[in-house]
Every structure is written in structure tokens, then in C-alpha cells.
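Here is a walk through one model, helix by helix. Have the sequence and the structure open while you read.

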Amino acid sequence: MQAWFSLVKKEFRVGMPIFLLAVILYIVALLIVGITGYRFGYTMDAIGIMSLFWGAGHFFFITVYMLYSLGVERKRLHLWLHNPMHAGGLLTAKLVTGTGYLVISLLLVSITAYIGGLNFIEIPEGTWFKLGVLAFIHIVLASIDFSIYIILAYCIFLFLERYMASFLSGTVVFIGSWLFIYLFFWLFGQSEAYLTITEWGSIDLGYVAQALNFDMNTREVAASLQGTETQIYIGNYVIELITVSIIFFIASWILDKKVEV
């Protein structure tokens with residue numbers, strides 16, 4: 001375990017440049033929007049709106065972080081993979097550090113969005129805070145979830161790269177990814193079988209809103225976030241957790257057994 005913690009410390013150093021770049025880009029965007037908004041008398045409103053969109057963009061944060069971090073390791077792949085630790089431990093260390101940086105960055109953006117958002121959205125301060133916490137948690141979970149699919153794609157890319165040129169390997173992975181999306185998310189995701197195993201344990205967003213003392217406007221906002229549906233299903237979360245766990249295991253196995261030389 002001590003070795004894994006040492007690895008996490010090393011990963012924080014490796015990932016620091018991409019984290020700093022994300023923070024600097026946000027500060028630059030904040031200054032541009034703030035100065036532009038000031039000229040028209042809507043400084044905080046503009047900052048709040050921009051921060052909300054910037055926060056939503058954190059869905060891709062860990063994916064970008066992992067691609068950067070794995071790209072760094074690719075240059076010294078033989079050293080990274082000759083670490084006595086299992087590939088699952090190596091990838092988990094990167095996921096943990098990526099999540100840590102995501103939380104810090106998203107917290108910074110969320111505070112700004114919260115302060116700015118109070119000026120242009122007529123929601124009680126307490127409700128605004130609770131909505132923000134729910135959104136924060138779901139962005140973090142969604143970002144981790146999506147990044148695991150990308151990790152599998154990257155491991156397949158590294159495996160294929162042993163037998164073909166990088167461009168051809170990347171092309172195969174790109175086409176294969178779209179085929180997977182079509183088969184798994186489009187065809188299977190809309191099948192009766194998928195709905196049967198995922199649509200259980202329903203939670204009414206209206207009751208959630210009431211339990212958290214949201215007012216009616218906020219309940220409408222919560223409902224609109226789910227499209228025409230006002231329910232979410234625990235089954236969706238459980239099945240997705242099982243799915244990404246299997247995908248993470250496959251990615252670790254490929255890295256351990258097929259990429260390592």
C-alpha cells in the first residue's frame with residue numbers, strides 16, 4: 001500500500017501541468033468575460049453564466065487528464081509497465097489524482113458560479129447551494145465514468161500499436177469506438193432487456209426536491225434537467241457501475257498481458 005501511495009504522489013507531479021493549464025485558462029476566460037461584462041454593467045451575471053458552462057465542461061476533465069498522463073507514460077512505456085505493481089494499481093493511481101485535480105478545479109469554478117449565479121437566477125440561496133452540490137457530485141461521477149471508457153480505448157490503441165502504425169491503430173480504435181457506441185448505447189441501450197435491468201429503484205425528483213426543501217421553480221429546473229422524465233433509477237447507477245468495473249478490469253488486463261513486454 002505504501003508503494004501505491006508513493007505512486008499517487010508521483011502522479012500528482014506528472015499531472016500538475018495539465019491541472020495548472022486548466023486553472024490558467026479559466027482565470028483568463030474569467031478576466032475576459034468579467035471585463036466585457038463590466039462594460040455593459042453585467043459583470044457578475046456574465047461571470048456566473050460562463051462559470052456554469054465551464055463547470056459543465058468538467059465532464060471531460062478526467063478524460064483529458066488521463067490522455068495527457070498516459071501520453072507522458074507512453075514516452076517511457078517500458079519503465080512504467082515494468083513497475084512491479086499490477087496495471088490496475090497503476091491506472092487507479094492516475095484516476096485518483098485526476099479526480100483530486102477535478103474536485104479542486106470544479107470547486108473553484110463552482111464557488112464563482114454560485115456567487116455569480118445568485119445575481120441572475122431567482123432561486124433561494126439555500127436551494128441554489130443544494131442544486132450545486134447535486135450537480136457537483138454528478139459531474140464528478142460522470143467524468144470518472146466516461147474516462148474509464150477512454151482508458152480502455154487507449155489500452156487497445158497501445159496493444160494494436162505493437163502490430164501496426166500509430167495512425168492505423170488510432171483509426172481502428174476510432175472506428176471501433178463508434179461501433180461500440182452504436183451497438184451498446186444505441187441498440188442495446190434502448191432494448192427491452194436493458195430497460196428491464198436498469199429501470200428499478202425509481203426516485204421521483206419531485207420528492208427529492210421536496211425532501212431538500214427546494215421551491216417549485218427549482219423542482220421544474222430539476223425536472224427539465226432530465227428532459228420530460230421526473231424520475232431517475234438506482235438501477236441505472238448500479239448497472240453503469242458494474243459496466244465500468246468490467247471495462248476497467250479489461251483495460252488493466254490488456255495493459256498487463258498484451259501491452260507489457
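Let's start with a helix pair: the axes of α1 and helix α2 (residues 43–56) come within 8 Å and cross at roughly 150°. The axes here are lines fitted to C-alpha atoms, for helices over the stretch in contact, and the angles run from 0 to 180 degrees between N-to-C directions. That makes α1 and α2 roughly antiparallel, therefore, on a scale where under 35 degrees is roughly parallel, over 145 roughly antiparallel, 65 to 115 roughly perpendicular and the rest oblique. Their crossing is right-handed; the term applies if the near helix is turned clockwise from the far one by less than a right angle, and left-handed if anticlockwise.

On the α1 side, A22, L25, Y26, A29, L30, V33, G34, G37 and Y38 meet T43, A46, I47, M50, S51 and W54 of α2. Contact means heavy atoms within 4.5 Å. By class, the contact of α1 with α2 has eleven nonpolar, four polar and no charged residues. For these classes, Ala, Val, Leu, Ile, Met, Phe, Trp, Tyr, Cys and Pro count as nonpolar, Asp, Glu, Lys and Arg as charged, and the others, Gly among them, as polar.

A word on where this comes from: it is a predicted model, in which local features need pLDDT of at least 70 and side-chain atom pairs count only at pLDDT 80 or more, while totals for chains, interfaces and linings use all residues. Residues are numbered from 1 along each chain as its sequence is written, and side-chain values use heavy atoms, with hydrogens and water left out.

Now the overall layout. The chain has eleven helices and two strands, in the order α-α-α-α-α-α-α-α-β-α-α-β-α from the N terminus on. Helices (H or I, at least four residues) and strands (E, at least two) are DSSP runs, numbered from the N terminus. Of the 261 residues in the chain, 38% are buried, where buried means under 20% relative accessible area, exposed over 50% and partly exposed in between (1.4 Å probe, protein chains only). Among contacts with a separation of 6 or more, 82% are between residues 24 or more positions apart.

Back to helix packing, with two further pairs. α1 also meets α3: their axes come within 10 Å and cross at roughly 125°, and α1 and α3 are therefore oblique to each other. This α1 and α3 crossing is right-handed. K10, E11, V14, G15, P17, I18, F19 and A22 of α1 make the contact with F61, V64, Y65, Y68, S69, V72 and E73 of α3. Its residues divide into ten nonpolar, two polar and three charged.

α2, for its part, packs against α5 at an angle of about 145°, with the axes 7 Å apart. The crossing of α2 and α5 is left-handed. Here M44, D45, I47, G48, S51, L52, W54 and G55 in α2 meet L106, V109, T112, A113, I115, G116 and G117 in α5.

What about the interior? The largest nonpolar core has 44 residues, and M66, W80, L91, L95, I151 and L255 have the most contacts inside it. Such a core is a set of buried Ala, Val, Leu, Ile, Met, Phe, Trp, Tyr and Cys residues joined through side-chain atoms within 4.5 Å. Elements giving two or more residues to this core include α1 (2–39), α3 (61–74), α5 (87–117) and α11 (234–259). The largest share, 13 residues, comes from α6. I151 touches M66, L91, L95 and A251, not counting residues up to four places away in sequence.

| Pair | Residues apart along the chain | C-alpha separation |
|---|---|---|
| G132 and S110 | 22 residues | 7.4 Å |
| E199 and Y233 | 34 residues | 5.6 Å |
| Y65 and K94 | 29 residues | 8.7 Å |

Y65, in helix α3, is buried, with a relative accessible area of 1%. Beyond its neighbours within four places in sequence, Y65 is in contact with E11, G15, I18, K94, T97, G98 and Y101. G132 lies in helix α6 and is partly exposed at 36%.

Is T198 buried or exposed? At 0% relative accessibility, T198 counts as buried. This residue is found in helix α8 (residues 192–198), and, leaving aside neighbours within four places in sequence, T198 contacts Y233, G235, N236 and I239. E199 lies in the loop between α8 and β1 (202–204) and, at 41% relative accessibility, counts as partly exposed.
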